[in-house]
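Please open the structure in your viewer and keep the sequence beside it.

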Amino acid sequence: MKRILYVGWLGFNNIGDELMWLLFRDLCRSYLPDKHYDVIPSIPGVDIRNPGPYDTVVLGGGSLLIPGYIDVAYQAAAKKKNVIIWGSGHDRQDYPVFDAAGKITTNLAYTGENQATNGKLMELAQKSVFFGVRGPLSHQFLEHSGVPKAQTIISGDPAFLLPAPSPVHPSKKSRTIGVNWGTAYNRIFGGSEEKVEKHLVQSLSALIAQGYKINIYSVWGPDREACKRLYAKLGDKENVELDLELYHHEDLLEKLKSYALTINFKLHASYLSASAGVPFVCLGYRFKAIDFGLSLKLPEFVLSTGDEQLSDSILDRVGKIEKGADKIRETFYTQQRHYRSLLETPFQEGLL
């Protein structure tokens, strides 16, 4: 029996990371017979730094193209294990600056104490049987690190494997906005969640005045306090609902389908919104959020949390969604179909 280790940030009840593992597990069940394969997730207690017991090591979805996790995949490749990079992404807190061609002007390669990681990435790309990254910024990070472009692809985030929703019925015109709020402990563009929260209160109050209702929801336990605080600051029990339940992704998808649009802090809340066929405004708090917007070809709907005019920008994007929701949905479905085929490649080609 072949043993496969799936490496991700699992066991912490974060809906995005758990979702990507479940999508990988479901593909394994579809393509790989149970009697021949044993698939193990990297829950707490599993030693991911010991590839010995496994035939294949998969670096899964999430921001895993960082030194610690890169080392895990590198050591597995050095021990001649089958290595697959499956929708992993790079992340950092520095806001990227782009040139006219859409390329980042600053060098993304590691320097200083992590400089050796660049060489590990080059060797890892040579030895991996599949190397697919989350988005174009993660791809540029690899290029800056010295990895030849031909050795990797933009596979998209595993969340693109979520099933496409049924078309929205014309008679179902919701006037409720889902708002995902939370915390990254101020490790965000602009460095202040308090400022972002003030902008949110301003924009949501204006949207309520336009006739919208607001439903605040979280996707991770530690986000609940931030959600409570936002609810209290809005001070409108008639038009604002606070939902602190942490849903399974299937249940959350159904909930999201009842919204006109969503405004989201956590990245996978926006993935889930798009998968529900609901346009979103993503509060881009880190590099990974911009990577997401570019991969979806909807970068204008990712707003930097460092934007000094964030409340006005949110209202502008909501206006664009009101006018062009159908076109936004079609853009997502097109990208979803494209990435789904790429994410299934390791299974279709028997690489595991």
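The stops below concern a sheet, the helices beside it and one arginine.

This is a predicted model, in which local features need pLDDT of at least 70 and side-chain atom pairs count only at pLDDT 80 or more, while totals for chains, interfaces and linings use all residues. Residues are numbered from 1 along each chain as its sequence is written, and side-chain values use heavy atoms, with hydrogens and water left out.

**The sheet.** Select the six strands that form an open sheet with parallel pairing, in the order β9-β8-β7-β10-β11-β12. Strands (E, at least two residues) and helices (H or I, at least four) are DSSP runs, numbered from the N terminus; two strands pair if DSSP finds at least two bridges between them. At the edges lie β9 (240-243) and β12 (302-304), each pairing on one side only.

**Inside the sheet.** Next, select β10 (residues 261-264) and β11 (residues 280-284), which pair in the parallel sense over three bridges. Here Ile-263 stands opposite Val-281 of β11.

**The helices.** Contact means heavy atoms within 4.5 Å. Then show α10 (residues 310-343), which lies across β10, β11 and β12.

**The arginine.** Finally, select Arg-187, in the loop between β7 (176-180) and α5 (193-209). Which residues does Arg-187 contact, leaving aside its neighbours within four places in sequence? They are Gln-93, Tyr-285 and Arg-286. Arg-187 and Arg-92 are 95 residues apart in sequence and 9.4 Å apart in space, C-alpha to C-alpha.

Technical notes: Axes fitted to C-alpha atoms, helices over the stretch in contact; angles between N-to-C directions.
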